[in-house]
Amino acid sequence: GPRALRSAPRPLGVGRAVGQPAAAPAMIHYPSGRWGIAVLFQLEGSVFPRAAAISLPCAAAAVILILLGAHDPDSETSSGAGVLWTGYNMLFGFLIVFRTNQAYSRFWEGTSLLHQIRGEWFNATSSVFAFCSNRPERVQQVHNFQQIMVKLMSLLFCSAAHQVSTFEQLVDFEVLDIYGIDPQSLSHLKKSPDRSETVLQWIQRLIVEGHQDGSLDVPPPILSRAFQELSRGIVNLKQVRMIKEVPFPFPYAQMLAAMMVLHSVSTPWMASQTIASPIVGGVLSFCVTCGFWSLHYIAQEIDQPFGDDANDINIADMLKDFNESLIFLTQPQTRTVPNFDVHRQVTNSSKLGYKSVSSHVLGGLSLSLDALQEVASRASRRSSEDSRSSRTPGCSCAAWCKRPQKRRSKEADGVRSREGSTSSGHTGDGDPTKSDPPGQPDPPDGTSSRESEHTEGQSWPCKLRDDLATKQQGDLAAARSFANDAADEDDDVPSQPEPTPAAQSARVDAVAKFSGPWRSY
């Protein structure tokens, strides 16, 4: 199994699967042109030559019948045949559309599933690489594990490609070098009824053994994600094999072929009965016959998208792309998080500053390291200047805590209106605590009405450092006022003696202790 590869790991290379040398065909990538008609002049992958080979004899027969004088539009035979011909064409058109839709759905479903398999299996490999241990004493052990992992994954995808392909001859699909595997494992793989399932089992055992020996340093619930992606890939592979192994139903195909031949034979005679001009009859016969045969051939072309036709999926290029991704994944820099020189928090102004770096990197321009560092330093200085210019005056917080001036003005006006309504409902000797009795909740902005006049230019995070002291002072003032009012009420009762200063101080402390937490709540 996977342990047999551990004896002699070596750098990755690209090998060939077992088979005779043959180049896999490439799928057609065609330009539509400015007017969208450039594809008319391309013969590779076109169905027009085959359709025209059948349509030209039909057109010639229509011309000959019209020239021989078979045209008689007023006869009862022609009118009755026209009605039957209309009904036949409706049924025939329905079958052609149904066949084409089935072939189109099979083509896109097979293409989508094959790309999903590629994505699931590469993501599983990437996750396993991310779960590898970073301990210095296990560097060589982790390296061997990763080399075996990518080789088995390449062998898995290559086996899957051979299972779904419908090539007429064997094609050399690329596979990463599996040098070092023991002959017993190769013999067992050759006898396997399903090589993809066998290789998948090897990969799963490799992951389990890697977790047991410490190569994978991750909790088991997180590691199960890799098994889920591997299982989704093999399930999608079975669905792709279903498209390959289950063809379009034979009765439909036979009935459609019979109707195609009957339609091609009947079209020249119907043209001779309804059209007087030989040129018009021949052209219309050619167009109708060629259109139906073209749709029929298109359905046959895309019904099995895993072959060697020009319109089939290029499986060989998918394997090359998968192997290149695996090789690039084994490089140490790919598995290392890049180092960032972070100066400050990312803001909206940072998009303008770092745009120059992104354009140089993504644009594929060849910049030297010094030039790239110079671009990054200029971007950092520009971002710093933009951040400093966007700060709120008099505020020590970052630019994100500033509030629009219009909103602050509205909130200040609302605070003043509430302050006026509160002050009009109380009478006193001018003491500011008279308009704010104990237990009165604060305004929604977190400050008292007196404080909002000189703090409206600051945002909420800037006032946090003053909130505790302000509330404590307000609570103590409210407690003293409440105690003085209670003492005045006690003076009207002659049976109670005047409280001593010590008792009055204890009462003030008790009221402050009670009103503080409740007032904050």
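A contact means heavy atoms within 4.5 Å.

**Figure 1. Overview of the predicted chain.** In this predicted model, local features need pLDDT of at least 70 and side-chain atom pairs count only at pLDDT 80 or more, whereas totals for chains, interfaces and linings use all residues. Residues are numbered from 1 along each chain as its sequence is written, and side-chain values use heavy atoms, with hydrogens and water left out. The chain contains 16 helices and two strands; these are DSSP runs (helices H or I, at least four residues; strands E, at least two), numbered from the N terminus. Of contacts between residues at least 6 apart in sequence, 81% join residues at least 24 apart. Buried residues (under 20% relative accessible area, 1.4 Å probe, protein chains only) account for 37% of the 521 residues.

**Figure 2. Helix 1 (residues 48-67) and its bend.** The 20 residues of helix 1 reach 27 Å from first C-alpha to last, close to the 28 Å expected (1.5 Å times one less than the number of residues). Helix 1 bends by about 25 degrees at isoleucine 54, the angle being taken between axes fitted to the seven residues ending there and the seven starting there. Proline 57 follows within four residues. Just after helix 1, glycine 69 adopts a positive phi of about 90 degrees.

**Figure 3. Buried residues of helix 1.** Ala51, Ala52, Ser55, Cys58, Ala59, Ala62 and Ile66 are buried. Their cover includes helix 7 (250-274) and helix 8 (278-303).

**Figure 4. Serine 272 in helix 7.** Serine 272 is buried, with a relative accessible area of 0%. Its C-alpha atom is separated by 4.9 Å from that of isoleucine 66, 206 residues apart along the chain.

Methods:
Buried means under 20% relative accessible area, exposed over 50%, partly exposed in between (1.4 Å probe, protein chains only).
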